[in-house]
Amino acid sequence: MNALGTALLQFWKSSIGKKLIVAVTGILLVGFLVAHMVGNMLVYQGQEDLNKYAYFLHHFLHGWGIWLFRLGLIGAFALHIVATIALTRQNKEARNTRYAHEETVQAPRSSRIMIWSGLTVLGFVIFHILHFTIPVHPDLQGLKDPNDAKMVDVYTMVVRGFQNPLVVLFYIVAISLLCSHLMHGISSLFQTLGLRSEKTRLLIKRVGVGLALVLWLGFISIPVVVVMGALGDGSQEKPKPAMSAPASSSLDVTKS
Ligand code: HEM
């Protein structure tokens, strides 16, 4: 093995190396969540804005952008999970050696909660991708923007996707677990990066809780608002006269 390979292997084998990988990939994933939540807020601006935004995401850099982004996201997600599992095993082995004669050796409560909330997030992401990215439900497939057929009607897909209260409940539970994972994760990543001291501990805790709360409210608001019927079904919205209807059309309100 060459020098770089040996150094990388040493880095991976060390506990601090894996902690750094968990922390850095965690930062990238939180960055994705913030961007995704902000982008999703366009649903409140209406069908046209959300669909244009989705169209942009799928077409920037001639369609390569989204695939580069997906590769980065999958890589960060996979490394985050693999490094966490390896770290948990390493810690358990260390504890087992230390307390070889104790009958039950348990991981700390917070790290067990982190593992279970993390696994729920993984399950949620798989469900979510089958829900919206590669919609498997026939009602959510092949939707086209009523004003511009080259664009996917993501707005109507989201509104239709949250008509079932059980689906909404699942989103609420999964996103709540995700946010509890973040509350703990954000402050421990500051510790891993050596940025947490007695002085900054409280501030960092507040930042973690605040960010998790903003993400929770932002994400949860969409299924809740939709299931309450407070967001119009885009497919029933009238197309804008200037864009879609000829001057003589009955939709041209200026003529009536
Ligand atoms: C309830 C709030 C949410 C809504 C309304 C929502 C909406 C969407 C929509 C519409 C897409 C498909 C975009 C497209 O293909 O044009 C999508 C993709 C995705 N969402 Fe969400 N999302 C929500 C929450 C989340 C959460 C909490 C996570 C992470 C845990 C997440 C992770 C993803 C991922 C990984 C993709 C695939 C991105 C890609 O196309 O590569 N979403 N979401």
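First, the ground rules. In this predicted model, local features need pLDDT of at least 70 and side-chain atom pairs count only at pLDDT 80 or more, while totals for chains, interfaces and linings use all residues. Residues are numbered from 1 along each chain as its sequence is written, and side-chain values use heavy atoms, with hydrogens and water left out.

Now the overall picture. The protein has 9 helices and 0 strands. Helices here are DSSP runs of H or I with at least four residues, strands are runs of E with at least two, and numbering starts at the N terminus. Of its 256 residues, 30% count as buried. Buried means under 20% relative accessible area, exposed means over 50%, and partly exposed lies in between, using a 1.4 Å probe and protein chains only.

Next, contacts, meaning heavy atoms within 4.5 Å. Take those between residues at least 6 apart in sequence: 71% join residues at least 24 apart.

Let's look at one helix pair. Helix H7 covers residues 165–192, and helix H8 covers residues 201–227. They pack at an angle of about 170°, with axes 8 Å apart. Axes are lines fitted to C-alpha atoms, for helices over the stretch in contact, and angles run from 0 to 180 degrees between N-to-C directions. That makes H7 roughly antiparallel to H8, a label for angles over 145 degrees.

Who meets whom? The H7 side includes Tyr171, Ile175 and Leu182, and the H8 side includes Ala212, Leu215 and Trp216. By class, this contact has 21 nonpolar, 3 polar and no charged residues. Nonpolar covers Ala, Val, Leu, Ile, Met, Phe, Trp, Tyr, Cys and Pro; charged covers Asp, Glu, Lys and Arg; the others, Gly among them, are polar.

On to the largest nonpolar core, which has 34 residues. Such a core is a set of buried Ala, Val, Leu, Ile, Met, Phe, Trp, Tyr and Cys residues joined through side-chain atoms within 4.5 Å. Among the members touching the most others are Phe132, Leu182 and Leu215. H7 gives the most to this core, with 9 residues. Leaving aside neighbours within four places in sequence, Leu182 contacts Val30, Leu33, Ala212 and Leu215.

Most residues other than glycine have a negative phi. Leu61 has a positive phi, near 55°. So does His62, also near 55°. Are they buried or exposed? Leu61 is exposed at 52% relative accessibility, and His62 is exposed at 81%.

Note on methods:
Parallel < 35°, antiparallel > 145°, perpendicular 65-115°, else oblique.
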